[in-house]
Amino acid sequence: MKNTVERIPFIFKLLAAALLFVIIFLLAMVLGAAQTSVQDVWAALTSTSHGEKLSVIREIRLPREIAAIFVGAALAVSGAIMQGMTRNPLADPGLLGLTAGANAALAVTIAFIPSVNYFGLMIACFIGAAVGAGLVFGISAVKRGGFSPLRIVLAGAAISAFLYAVADGVGISFKISKDVSMWTSGGLIGANWEQLKVIVPFIVIGIIIAILLSKQLTILSLSEEVAVGLGQKTARVKAVLFVVTVMLAGASVALVGSLTFIGLMIPHIVRAVVGTDYRFTIPMSAIFGASFMMLADTLARTISAPYEAPVAAIVAVLGLPFFLIIVRKGGRAFS
């Protein structure tokens, strides 16, 4: 079965992924507490007509699903980059301190600069994500033996717990717990066009850079010695990819809060479809991540409509068993 999948040209796999993406997007736009049809969605997207249903689609569902698309793509691509750079099958922005660092920085910024605008919050998330990842990799490198997968995951769990505690402590001390929770609960409620105008360009730039460096990432994922032997400037490539990862994870937290496991799951699923060449893995991860995030958000909105389940809970329910499978199989379950 795997050999049959490998023989299918990449362009056909890409077209199939794009078709799946379109189907999930239509389902996400149609399904919800307000009853709408495909015709309503088409009218909302292609005409200037007005009406209650069209307003719901244009002002609530459409920005929400666009947010889901770009956050899912950003988290999946950042996870793929981290797994390639560290050669660690358990690497994920949520497991290695990036999202926890962004959360903590967001809480501190709201507490000390309450009048900060959205762009300022996003920059704070970038800085927090970089600090969180720096702490994890710094602790992992203290002992002789380098960045073993187990050591990085353990350090990530410890640092993430500490940084989430910092965020909670700041929220309680400054009586802003409700405001912090609204940002960090891992949901797409309230996503609007103004936020998307600020966030989306950073995510797009990050994904484009990741695609441009995908060949170098493929070489780097094989072996540090091989990369150096082929003349690759590994330090520079790693630095740029680290900045891209921080940008993608920080932008995601600034937009929807903390979401774990997407960056872990999607690259493994994608490698089972397109192989280990990151020239294929990165763009396919973006499409799969966007589709998965839309699907999770649609389930959250419809599973107990008109009430909403937390998107983070839906993702965790799917992601935790996947994480345990990856641990049990030593990272080879889907690769």
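**Notes on a helical model**

1. Let's start with the fold: the chain has 15 helices and zero strands. Helices here are DSSP runs of H or I with at least four residues, strands are runs of E with at least two, and numbering goes from the N terminus. Keep in mind that this is a predicted model, where local features need pLDDT of at least 70, side-chain atom pairs need 80 or more, and totals for chains, interfaces and linings use all residues. Residues are numbered from 1 along each chain as its sequence is written, and side-chain values use heavy atoms, without hydrogens and water.

2. Now the overall size. A compact globule of 335 residues would have a radius of gyration near 20 Å, and the chain agrees, at 20 Å. That radius is taken over C-alpha atoms, and the globule rule is 2.2 Å times the number of residues to the power 0.38. Along the principal axes, the C-alpha atoms fill a box of roughly 65 × 55 × 35 Å.

3. What share of the 335 residues is buried? The figure is 50%, with buried meaning under 20% relative accessible area (1.4 Å probe, protein chains only).

4. On to contacts, meaning heavy atoms within 4.5 Å. Take those between residues at least 6 apart in sequence: 74% of them join residues at least 24 apart.

5. Finally, have a look at R64, which sits in helix α4 (residues 52-86). R64 counts as buried because its relative accessibility is 6%. Leaving out residues up to four places away in sequence, R64 touches L188, I189, A191, D297, R301 and E308.
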